[in-house]
Amino acid sequence: MRIDIITVLPELLTSPFEASILKRAIDKGLVEVQLHNLRDYSTGSYNQVDDYQFGGGAGMVLMIEPIDKCISKLMAERDYDEIIYLTPDGKTLNQQTANELSLKKNIIMLCGHYKGVDQRVRDKFITREISIGDYVLSGGELAAAVVADSIIRLLPGVLNDETSALTDTFQDNLLAPPVYTRPSSYKGMDVPKVLLSGNFPEIEKWREAQALKRTEERRPDLL
Ligand code: 6GU
C-alpha cells in the first residue's frame, strides 16, 4: 500500500511514522508513506496556498490551484483508489472504514486547514471525507495520522501476532475484555483466578462475558 499525504504542515506528520509499529511497517516495505508540502506547488509570487473567501468572512481557504497541481502530478504517476479529505464535517471514522481502507492499494489524503479548502477541490477530486470525531482540530494533519495508523496496523504482516487485530476492541462491535500480567497478586489486588487456571475454554467464556459486560456498561450503543 502507498499513502500520499498533502499538507501545509509536513513537520506535524513526521514523528508518527518514525516510531514503533508504523516505522516497522515502513521499514519492512509493507507500506510507503510520502508527505507532500502544498507550498511546493504554489503558483503566486510568495508561495501562496491560501486566500480570503469570496463573499467575505473570517478565515483563509486553501486554494484550488496548488492542490490541483499536486493531485494531478500524483495521478499521472499511478492510479489512486481513494482521495480522502480530512475534515470535521466528514463521516466519522470507525473500524469498518479502517478495515475497508486497508484493502486499497494507493490512497491520497488531503489535510484541511483554516476554514478548509475551496469547495471545487472537494467536488472534483475527493472520493471520501473523513472526520475523527465531533470536536475541532487546528488542521487535518493529526486526523490523517490517526486514519493512517488505523489502516496500516491492519495490513498483513504489520502486527507481530497476525491474529491480534482480530481481537481488537470494535472488530466484533464489542469492547475488549480486561487484561492482566505479572505479578498475579500486587498489594492485595489479585488477578481473576480463572486466568491462572489453564482452563482455556473457561478463560474464553470469561473473556466473552467480560467483553459483553463492559460493552453494556460503557457503550450500550454498540449492542
Ligand atoms: Cl479530519 N480535521 C479537523 N480540522 N478537525 C477535526 C477532524 C478533522 N476530525 C475531527 N476534528
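Student: How far apart do the C-alpha centres of domain 1 and domain 2 lie?
Tutor: They lie 38 Å apart. Domain 1 covers 2-152 and domain 2 covers 172-222. Those bounds come from an automatic or database domain assignment.

Student: What should I know about the model and its numbering?
Tutor: It is a predicted model: local features need pLDDT of at least 70, side-chain atom pairs count only at pLDDT 80 or more, and totals for chains, interfaces and linings use all residues. Residues are numbered from 1 along each chain as its sequence is written, and side-chain values use heavy atoms, with hydrogens and water left out.

Student: On to the ligand. How many residues surround it?
Tutor: There are 13, counting a residue if one of its heavy atoms lies within 4 Å. The closest are Thr87, Ile132, Gly133, Tyr135 and Leu137.

Student: Which strand gives the most to that shell?
Tutor: S5, with 3 residues. Strand S5 (82-92) and strand S7 (128-131) each supply at least two. Strands here are DSSP runs (E, at least two residues), numbered from the N terminus.

Student: What polar backbone atom of Tyr135 distance do we get to a ligand nitrogen?
Tutor: 2.5 Å from a nitrogen atom of the ligand. A ligand nitrogen is also 2.9 Å from a polar backbone atom of Ile132, and one is 3.0 Å from a polar backbone atom of Leu137.

Student: And how much of the ligand's accessible area does the protein cover?
Tutor: 96% of the 290 Å² that the ligand has on its own, by the Shrake-Rupley method with a 1.4 Å probe.

Key
Polar contact = N/O pair within 3.5 Å; in protein donor to acceptor, adjacent residues only side chain to side chain. Helix = DSSP H or I, 4+ residues; strand = E, 2+ residues; numbered from the N terminus.
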